[in-house]
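Have the sequence and the 3D view open as you read.

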Amino acid sequence: MGSLNSRILKHPESEIAEAHEPGAQAGPRYVSGSQKRRRSSGPSLDQESGNGSLSLDQEENLQIVSTSPSKKVKITSELAYQALFLKAETGDIKIRALGKIWYLHKMFLCQSDYFATMFRGSWKDSQEDIIDLDVNDPNIDAESLHFVLGSLYRDEFVLSEPLQVPRVLATARLLRVEHLIRQCAEAMKKAINVKTVCSYYAAAENYGLDSVKTRCFEWLLHNLVTHPSVELYKEINVELMNLLHSSSNLLVMRKELDVYTTLKEWMFLCLNPAWKGSTKQLLINVNNWFSRHKEGAGNMAFLETKQGITFQPVFKNLRFQHMICDLASIRVIEQDNLIPSEWLSYVYKQQWFTLLRAQQYRETGPQDINETELEKYSMRCGRRIAKNGKYSWKWSGYNFGFPLHVIFTSHYIIFKQSTYNYSCSCSEPQRNVAFRLTLVCFDSSGNVTFSKTTGYKILTFAKDEEQMVMNLDGIVLRFPLYVFCNFLFISPDNPGS
């Protein structure tokens, strides 16, 4: 997954104090007009008695802070941050961690559930004035800890470096600073792109941000094949790749062979992480590299070698049944010699049985919408429409004798069963097809700006009949526009039959 070892924030004017210094100097960046957090009145402690209160005038955003047993002053949030956190004035507790010491105030630390629980428990009557904070998470460093501690002193701050948010999140989760965890989640959702998505996915998985994890996974489903990236492929591990390419929601640019090609490129980069080159150069280098391996390995498929066996679980979930129905696709797979022959033999056998069943029982296609079948077995394909106009195409492949054409204009999308110049042994007067059609537009970061889908449907076609599957009247389309389809032309065999 993505590396999380970058620095959190850059502060040229100040640095965190070393353990022997009187206080830390650096602080989190903030901007005027950024999100404001209302500081709740909670436990606060003066230096002598260990009990007291902290109040807030929310209209003026002022805090009443005890600076001595007999003197109280009103200060703004920014003044509290500058005078009490950065300059470490009148601190009543010290935090020691990661080779640093912070001189802080219990009244502010109590906004962290971690410290609030501590002060109500074992530290309630303690005379100790230093806390040794045990930090075992490698994603937490001194700067992220400094940022989170400083955030307790102010109502305005901004997470300014998207790549560093996972470290702040890790620290906020350790100290249980809930408002900062929420802000990290919102910042991550807004900053997902090719550079951040893998590190955000890992952080969301590690620290329980399910909504962020889902958003990252969706971004990867949309961009993995449609917008190939060398750096992105290097960041994706085996487990995540297996989840992605197995999903029926993966957006595929042409047909299922593109998923195979993406996995081949990804496997090459996993084995050659130091490779540097453009996306256009990638496939040529990949083919040359595996060709050299084939010359030295004889008849052994690459996935059967010591290097390749790690990737077997990912390649096993490819939808080979749709690839072997296209002559050009199966020639590529046979030529590469990545896939063990036993795998392909099984697929050939199953598809032959399915063809015989379809013909002998005169099957006309799916009768009911079975989303489990569609999710697992549908053929995924796509098309990029560069500019407005009228387009007609068909995705190559046998499709059990169903020659389906797609017609696109800015007003509608039509499916047509066109048997002109198409010879097949199927003589059924009507055929069914289960499908889902989706239109998508992306922004420059790969985020979806427009999406429209039919959902899963079944249509019945007579010979040479055409049907409108999506009406686009009244919709202002932006280009390039992507058209994605999931098709199921015949239901898979029932394993129990």
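Start with F268, which is buried at 3% relative accessibility; buried means under 20% relative accessible area, exposed over 50% and partly exposed in between, using a 1.4 Å probe and protein chains only. Before going on, note that this is a predicted model, where local features need pLDDT of at least 70, side-chain atom pairs count only at pLDDT 80 or more, and totals for chains, interfaces and linings use all residues. Residues are numbered from 1 along each chain as its sequence is written, and side-chain values use heavy atoms, with hydrogens and water left out.

How many aromatic pairs does a search of the whole structure find? It turns up 20. Rings of Phe, Tyr and Trp (its six-membered ring) pair if their centres lie within 6.5 Å; planes under 30 degrees apart are stacked, over 60 edge-to-face, and the rest tilted.

F268 and W289 make an edge-to-face pair, 5.8 Å centre to centre with 70 degrees between the planes. F268 belongs to helix α11 (residues 257–271) and W289 to helix α12 (residues 279–297), so this pair ties together parts 21 residues apart in sequence. Helices here are DSSP runs (H or I, at least four residues), numbered from the N terminus, as are strands (E, at least two). W289 is buried too, at 17% relative accessibility.

F290 is in helix α12 and F302 in the loop between α12 and α13 (312–316), so the pair links parts 12 residues apart in sequence. F302 is buried at 0%.
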